[in-house]
Amino acid sequence: MTARRRSLSERGQLDLFRALPGDFAPRDAQDLMAYPFFSLSKSHRIAPIDFTVGGVMIRVEAVPEHGMATIWDADILIWAASQIVEARDAGFSTSRLMAATPYEILTFVGRGTSMRDYQRLKAALDRLQSTTVSTSIRQPSEGRRHRFSWINEWQERTDHQGRPDGIELIVPDWFYRAVLDDGLVLTIDRAYFALTGGLDRWLYRLVRKHGGRQRGGWRFDFHHLHQKSGSLSPYKRFAFELRHIIRRQPLPGYTLSLEVEAAGRTLLAFESNPACGKPVDGVVLSGTRAIVPSGTRGSCYREPKSDLTCGTKKKNRARNLESNKESNSVEGARDVENIAQNPAPGASKGRGANASAIRSGTSKLHLDRQSGGKR
């Protein structure tokens, strides 16, 4: 045990908080993945985030000096959550106090390790510490709110000779308890750290939370996504960016598509990609012959997919009414009422509103390069 770790343990605050051996999947608190807790832009944001749906309330505030914590800053929290879970699973005691070198954090989240990257890490820690969150999520009684900062405090440590010796930080109790609750933890693909767009990253977190539970995929109303993202972009710009993401298909492990309901609602649908077969010990490029070079990781490489295809389905998949109440049940009920009050021309009186909606279901749309408007 190093001197730094001995000193922490002697204070009774930490026994082990370093990355454990092996390549493990990062983990994130599930509550953080579904709601607008972070700015999706790298620009300096001061405007607060206000989100209220049903019994969920979130308000995120920033100070002018540092600005709001961004979704890239949240990588530090992913690192922290992963360390807490791995240490716990290995039988070590954990605490909210964490210690690491900048190199450990930066390499974990796929960043460089130059002096410039180190300065950016410290700026991210400042934003996380100065951003405050007030939320009703995970409160035992209705109306109660928990207020916290993403990092209670942090400091740079030095050894007895005054040389840099790492960073210590304390995560809030709200975050710490969420991570230790198995029901609020999900693994994420390491390719997440390579996503460069803020909306791409937020969408992956949302998809990862919902997409893993439904064999038939999931779908969200565009307007609901706009509200839930906390984005400052106007809705039309936000919808254009969503369509561009559908064309690019950047999310690891998931396929996105666009659906339009009979009532005119535009939906983002997504489902997990089917497994590409049993892992092999070599690079398998589609179209290659029987000879396969060995010595690589257990994964499969496939040719890039085309932008979008219509697929073979003739109508939209059913809404997830039983579990996605925020987006689908409420909005879907309104659509049914609208169809019942304003039936489509030519519809027979004997048909109910639901039957009309089902018969008017449309297939997935082609998206050409010009859809969504010009930049």
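User: Which residue takes a positive phi in the hairpin of E11 and E12?
Analyst: That residue is Gly264, with a phi near 100°, and the hairpin has 5 residues between its strands. Strands here (E, at least two residues) and helices (H or I, at least four) are DSSP runs numbered from the N terminus. Please keep in mind that this is a predicted model, in which local features need pLDDT of at least 70 and side-chain atom pairs count only at pLDDT 80 or more, while totals for chains, interfaces and linings use all residues. Residues are numbered from 1 along each chain as its sequence is written, and side-chain values use heavy atoms, with hydrogens and water left out.

User: How do E11 and E12 pair, and over how many bridges?
Analyst: Strand E11, residues 254-260, pairs with E12 in the antiparallel sense over 7 bridges, where two strands pair if DSSP finds at least two bridges between them. Ser257 has Ala269 of E12 as its bridge partner, and Leu258 stands opposite Leu268, also in E12.

User: And what about E10 and E12?
Analyst: Strand E10, residues 218-221, is also antiparallel to E12, over 4 bridges, with Trp218 standing opposite Phe270 of E12.

User: What order do the strands take in that sheet?
Analyst: The order is E10-E12-E11, in an open sheet of 3 strands with antiparallel pairing. E10 and E11 are the edge strands, each pairing on one side only, and the twist averages 25° from one strand to the next; angles are taken between N-to-C directions from 0 to 180 degrees, using axes that are lines fitted to C-alpha atoms, for helices over the stretch in contact.

User: Which helices pack on the sheet?
Analyst: Helix H8, residues 222-229, packs on the sheet and touches E10, E11 and E12, its direction making about 80° with that of E10. Helix H9, residues 235-248, packs there too, touching E11 and E12, and its direction makes about 130° with that of E11.

User: How many residues of E12 are buried?
Analyst: Strand E12, residues 266-272, is mostly covered, since 5 of its 7 residues are buried. Buried means under 20% relative accessible area, exposed means over 50%, and partly exposed lies in between, with a 1.4 Å probe and protein chains only.

User: Is Phe222 buried or exposed?
Analyst: Phe222, found in helix H8, has 1% relative accessibility and therefore counts as buried. Leaving aside neighbours within four places in sequence, Phe222 is in contact (heavy atoms within 4.5 Å) with residues including Tyr235, Phe238, Leu242, Leu258 and Leu268.

User: Switching topic: at what angle do H3 and H6 cross?
Analyst: The axes of H3, residues 74-89, and H6, residues 173-180, cross at roughly 50° and come within 10 Å. The two helices are therefore oblique to each other; angles under 35 degrees count as roughly parallel, over 145 as roughly antiparallel, 65 to 115 as roughly perpendicular, and the rest as oblique.

User: Which residues in H3 and H6 meet?
Analyst: From H3 they are Leu77, Ala80, Ala81, Ile84, Val85 and Arg88, which meet Phe175, Tyr176, Val179 and Leu180 of H6. By class, the residues of this contact divide into 9 nonpolar, no polar and 1 charged, where Ala, Val, Leu, Ile, Met, Phe, Trp, Tyr, Cys and Pro count as nonpolar, Asp, Glu, Lys and Arg as charged, and the others, Gly among them, as polar.

User: Which strands form the open sheet of 4?
Analyst: They are E2, E3, E5 and E6, in the order E2-E3-E5-E6 and with antiparallel pairing. The edge strands, each pairing on one side only, are E2 (49-53) and E6 (146-149), and the twist averages 10° from one strand to the next. Inside this sheet, E3 (residues 56-61) and E5 (residues 132-135) pair over 4 bridges, with Thr132 of E5 as the bridge partner of Glu61.

User: Where does Ser39 lie?
Analyst: Ser39 lies in the loop between helix H2 (30-34) and E2, and because its relative accessibility is 1%, Ser39 counts as buried. Beyond its neighbours within four places in sequence, Ser39 is in contact with Arg45, Met68, Ala69, Thr70 and Ile71.

User: Last one: how many helices and strands does the protein chain have?
Analyst: There are 11 helices and 12 strands, and 45% of the 375 residues of the protein chain count as buried.
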